[in-house]
Amino acid sequence: MRMRKRQSITTKKKHLAGKAFLFISVLLLLVLALAMNASLKPLIKTLAIGRAESIATIAINDAVTAVLKDKQIEYSDLVDISYNADGLVTSIKVNSVEANQLKADLSNAIADSLYHMDRKQITIPLGTMTGIDFLAGRGPSVKLYINLTGSASTDLVSEFSTAGINQVCHQIDLRVDTSLYIIMAGQNTSTQITSDIVIAETVIVGSIPEIYTGANDELWPNLVE
């Protein structure tokens, strides 16, 4: 009887020890998983933002290129330059109707392009996820999915720069300020990007009044009537 009791007690102790070992093992794995998750979140966030910015930039450029190709816009469609008999520029007049219509078309195309970004895949090499420098970019890739949405505001801006003696380059850019929202499993984030895309440009020959050649970021709105 005593032998049986001792064996029973020994069995119970082993059983309890096994449960304790299993509990500690699970607890350690949980702590390790939480620690890895905490360390990986900033990395995943950074990579997701970079990928989202790249996708949005390509989408915006493609949308703008498509509109410009369709409308066949030239500098002379947007700006009229008048000279006097001495070759001095007397006026630089913007075709506000054409400029505003172009801006509206570009804004609509960009909004539609951003709307259709939808779900995208990003891949992270396993070596990069370890955070060890010499392993970065190595090993098999882990696939993650992000959902993208965004909104953009646009503006036409004008820049003048010296192109030579009595020559000035006038460049018209579309400035796109984009807000991106990135939705991922376990975390969401956002970012903003600004893109300047050349719409039209020309080299103006002859002296230009200071009002037009001065460095002034608000020059284009002032010229639009």
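# Why the parts of this model are called what they are

Author: In helix H3 of this predicted model, the residues Ser 96, Ala 99, Leu 102, Leu 106, Ala 109, Ile 110 and Leu 114 are buried. They cover an arc of only 165° around the axis, so they sit on the same side of H3.

Reader: Which residues of H3 are exposed, and where do they lie?

Author: Val 97, Asn 108 and Tyr 115 are exposed, and they lie on the other side of H3.

Reader: What makes residues a few places apart in a helix point the same way?

Author: An α-helix has 3.6 residues a turn, so residues three or four places apart point the same way.

Reader: What secondary structure does the protein have?

Author: The protein has six helices and six strands. Along the sequence they follow the pattern α-α-β-β-α-β-α-β-β-β-α-α. Of its 225 residues, 30% count as buried.

Reader: Which strands form the open sheet, and in what order?

Author: Four strands form it, in the order E3-E4-E5-E6, with antiparallel pairing. Strand E3 (118–125) and strand E6 (187–205) each have a single partner strand and stand at the edges, so one side of each has no neighbour in the sheet. On average, neighbouring strands of this sheet are turned by 35° against each other, direction ignored.

Reader: Which elements of the sheet does H3 touch?

Author: H3 packs on the sheet and touches E3, E4, strand E5 (167–184) and E6. The direction of H3 makes about 165° with that of E4.

Reader: How do you know that E3 and strand E4 pair?

Author: Two strands pair if there are at least two bridges between them. E3 and E4 (residues 141–164) have eight bridges, in the antiparallel sense. In one of the bridges, Asp 118 has Leu 148 of E4 as its partner.

Reader: How do you know that E5 and E6 pair?

Author: E5 and E6 are joined by 18 bridges and run antiparallel, where at least two bridges are needed. The bridge partner of His 170 in E6 is Thr 202. E5 and E6 form a hairpin with two residues between the strands, and Gly 186 there has a positive phi near 90°.

Reader: What makes E1 and E2 a pair?

Author: Strand E1 (residues 79–83) and strand E2 (residues 89–94) run antiparallel and are joined by five bridges, against a requirement of at least two. Ser 82 has Ser 91 in E2 as its bridge partner. The hairpin of E1 and E2 has five residues between the strands, and Gly 87 in the turn has a positive phi of about 85°.

Reader: Why is Thr 154 called buried?

Author: Buried means under 20% relative accessible area. Thr 154, in strand E4, has 15% relative accessibility, so Thr 154 counts as buried.

Reader: What makes the link between Thr 154 and Ser 107 a polar contact?

Author: A polar contact needs a pair of N or O atoms within 3.5 Å. The side chains of Thr 154 and Ser 107 are joined by one of 2.5 Å. Beyond its neighbours within four places in sequence, Thr 154 is also in contact with residues including Lys 103, Ile 110 and Leu 174.

Reader: What polar contact does the side chain of Gln 171 make?

Author: Gln 171, in strand E5, makes a side-chain polar contact of 3.0 Å with Asp 173. Not counting residues up to four places away in sequence, Gln 171 touches among others Val 157, Ser 158 and Val 198.

Reader: Why is Leu 126 called partly exposed?

Author: Partly exposed lies between the 20% limit for buried and the 50% limit for exposed. Leu 126 of helix H4 (residues 126–129) has a relative accessible area of 42%, so Leu 126 is partly exposed. Leu 126 and Gly 139 are 13 residues apart in sequence and 5.3 Å apart in space, C-alpha to C-alpha.

Reader: Why is Gln 72 called exposed?

Author: Exposed means over 50% relative accessible area. Gln 72 has 56% relative accessibility, so Gln 72 counts as exposed. Gln 72 is found in the loop between helix H1 (2–71) and helix H2 (75–78).

Reader: What is the phi of Gln 72?

Author: Phi of Gln 72 is near 55°, a positive value in a residue other than glycine. Most residues other than glycine have a negative phi.

Methods. Residues numbered from 1 in each chain as written. Predicted model: local features only at pLDDT ≥ 70, side-chain atom pairs only at ≥ 80, totals over all residues. Heavy atoms only, no water. Buried < 20%, exposed > 50% of the residue type's maximum accessible area, 1.4 Å probe, protein only. Arc of directions from axis to C-beta. Axes fitted to C-alpha atoms, helices over the stretch in contact; angles between N-to-C directions. Contact = heavy atoms within 4.5 Å. Polar contact = N/O pair within 3.5 Å; in protein donor to acceptor, adjacent residues only side chain to side chain.
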